[in-house]
Amino acid sequence: MDESLRIKTHPILGDYTKGKLVHFTYDGRDMTGYEGEPIAAALKAAGVMVHRYTAKRHTPRGIFCAIGRCTDCVMVVDGEPNVRTCMTMLKEGMKVETQYGVSSKPFADEKQ
């Protein structure tokens, strides 16, 4: 986790108090972040920049607006697709997965 990459102030949510260190998984890998920070912030601090791939062209997307409007940061969270990770707060034990179209299953032609 690179603290220099951590988002400390959110344009809509404002400042938040750093919560306790929590564990979550990202595509099956164990990760840590702080309770109460946006999922996208924890992923960015871990160096994760791609959150989803578009359904039509399979192009990668990540944080763009960070205010819940553009949907570029949507991911599958705890089995639910289309969760806006820039606005959804991290909690202990969350299962976060890259989204492919509207699924957590990679496209057949997508390279891993």
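Begin by selecting Cys-70, which is partly exposed because its relative accessible area is 25%. The classes used here are buried (under 20% relative accessible area), exposed (over 50%) and partly exposed (in between), calculated with a 1.4 Å probe and protein chains only.

The model is a predicted one, in which local features need pLDDT of at least 70 and side-chain atom pairs count only at pLDDT 80 or more, while totals for chains, interfaces and linings use all residues. Residues are numbered from 1 along each chain as its sequence is written, and side-chain values use heavy atoms, with hydrogens and water left out.

With a relative accessibility of 23%, Cys-65 is classed as partly exposed. Cys-70 is likewise in no disulfide, and its nearest cysteine sulfur is that of Cys-65.

**The whole chain**

Now colour the chain by secondary structure. Helices (H or I, at least four residues) and strands (E, at least two) are DSSP runs numbered from the N terminus. The protein chain has 1 helix and 10 strands, and from the N terminus the elements follow the order β-β-β-β-α-β-β-β-β-β-β. Of the 112 residues, 38% are buried.

Switching to a surface display shows an accessible surface of about 6500 Å², 52% of which belongs to carbon and sulfur atoms. Such areas come from the Shrake-Rupley method with a 1.4 Å probe, and for residues only the protein chains shown count as cover. Contacts (heavy atoms within 4.5 Å) can also be sorted by sequence separation: of those between residues at least 6 apart, 45% join residues at least 24 apart.

**The salt-bridge network**

Select Arg-52 and Asp-72 next. A salt bridge requires a side-chain nitrogen of Lys or Arg within 4 Å of a carboxyl oxygen of Asp or Glu, and the structure holds 2 of them. In one, the side chains of Arg-52 and Asp-72 meet at 3.2 Å, N to O. Arg-52 lies in strand β5 (residues 52–53) and Asp-72 in the loop between β6 (60–61) and β7 (74–77), so this pair ties together parts 20 residues apart in sequence.

Because Arg-61 lies in strand β6 and Asp-72 in the loop between β6 and β7, the pair links parts that are 11 residues apart in sequence. Arg-61 counts as partly exposed at 32% relative accessibility, whereas Asp-72 is buried at 14%. Through shared partners, the salt bridges join Arg-52, Arg-61 and Asp-72 into one network.

**The sheet around β5**

Strands pair if DSSP finds at least two bridges between them. The strand order β6-β5-β10 describes an open sheet of 3 strands with mixed pairing. Its edge strands, each pairing on one side only, are β6 and β10 (99–100). Strands β5 and β10 run parallel and are joined by 2 bridges; Tyr-53 stands opposite Tyr-100 in β10.

Move to strand β3 (residues 21–26). In a regular strand the side chains alternate between the two faces of the sheet. In β3, Val-22, Phe-24 and Tyr-26 form the covered face, and Leu-21, His-23 and Thr-25 the uncovered one.

Strand β4 (residues 29–34) runs antiparallel to β3, with 6 bridges between them. Thr-25 has Asp-30 in β4 as its bridge partner. In the hairpin of these strands, with 2 residues between them, select Asp-27, which takes a positive phi near 50 degrees. Strand β3 also pairs with strand β9 (residues 95–97) in the parallel sense, over 2 bridges, and Tyr-26 stands opposite Val-96 in β9.

**The nonpolar core**

Finish inside the fold. A nonpolar core is a set of buried Ala, Val, Leu, Ile, Met, Phe, Trp, Tyr and Cys residues joined through side-chain atoms within 4.5 Å. The largest one has 14 residues, and those with the most contacts inside it are Phe-24, Tyr-26, Ile-39, Leu-43, Leu-90, Met-94 and Val-96. Elements giving two or more residues to this core are β3, α1 (39–45) and β7.

Centre the view on Phe-24: leaving aside residues up to four places away in sequence, it touches several residues, including Met-31, Ala-42, Leu-43, Leu-90, Met-94 and Val-96.

Definitions and conventions
Disulfide = S-S within 2.5 Å.
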